Amino acid sequence: MREKELEFEAVQENAWERRPEFFALNPAGEVPVLLEPDGTVISGGYAIMEYLEEAYRDNNKRYIGSSISERAEVRRIIDWFDRKFDAEVTQLILFEKVFKRLMRCGEPQSDAIRAGKKNILSHLDYIGFLTAESHYLVGEAMTLADIAASAHLSALDYLGDVPWEHNANAKEWYALMKSRPSIRAVLIDRVPSFRPPKHYEDPDF
């Protein structure tokens, strides 16, 4: 929405509180949820991204790809990060370190965190491979794939758990993404009781 320069109000929802009012918007009880002024409700990150591309068409601000093959590749990479990367890295680190504390559901499991830190290395190499000959994950134009990948990585980088020195291409790509409107606003958010490393907001980290 920031890339498309759409006005909106972000509202924090602690999904684990399972508020009946929130279940009325999304029976799955999960974030994110988009509520339009006319009452239209769109649930799920992927569905929201596709909806915004269709509902707010602008030839200069389209992020789903410019051809059938590009759109297929964008969707494939979004799926890679929202399913594979999430299961192998994000959940193992972010859930253990942050959400367990917020949800008060036990101590972090060090084995899971170590596994996530090991798994992230191959994913950074894959980002490096995709960006070895282009600026973004799908060619020379930024797409929803870059935003999806950056969202996962920014959450982990907030905890200081992304070894950027492992792959120079991945680090260069993320530095480029830090200058985008969609990520700049994310970088100023803070989680209570957690302080990000000094390099977190710096695009020249």
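Residues are numbered from 1 along each chain as its sequence is written, and side-chain values use heavy atoms, with hydrogens and water left out. In this predicted model, local features need pLDDT of at least 70 and side-chain atom pairs count only at pLDDT 80 or more, whereas totals for chains, interfaces and linings use all residues.

A salt bridge is defined as a side-chain nitrogen of Lys or Arg within 4 Å of a carboxyl oxygen of Asp or Glu. By this rule, the model contains 15 salt bridges. One of these joins glutamate 3 to arginine 180, with the closest N and O atoms 2.7 Å apart. Glutamate 3 lies in the segment before α1 (20-25) and arginine 180 in the loop between α6 (168-177) and α7 (181-187), so the pair ties together parts that are 177 residues apart in sequence. Helices (H or I, at least four residues) and strands (E, at least two) are DSSP runs, numbered from the N terminus. Glutamate 3 is buried, at a relative accessible area of 6%; buried means under 20% relative accessible area, exposed over 50%, and partly exposed in between (1.4 Å probe, protein chains only).

Another salt bridge links glutamate 21 with arginine 19, where the closest N and O atoms are 3.5 Å apart. Glutamate 21 is exposed, at 52% relative accessibility, and arginine 19 is partly exposed, at 32%. Within helix α3 (residues 68-103), lysine 84 and glutamate 88 lie four residues apart, about one turn of the helix. Their salt bridge has its closest N and O atoms 2.9 Å apart. Lysine 84 is partly exposed, at 35%, as is glutamate 88, at 27%.

On the surface, Leu25, Leu35 and Val41 form a nonpolar patch with about 220 Å² of accessible area together. Such patches are made of residues with over 30% relative accessible area and no salt bridge, like charges being joined within 9 Å and nonpolar side chains (Val, Leu, Ile, Met, Phe, Trp, Tyr) within 5 Å. Accessible areas come from the Shrake-Rupley method with a 1.4 Å probe; for residues, only the protein chains shown count as cover. Leucine 35 belongs to strand β1 (residues 33-35).
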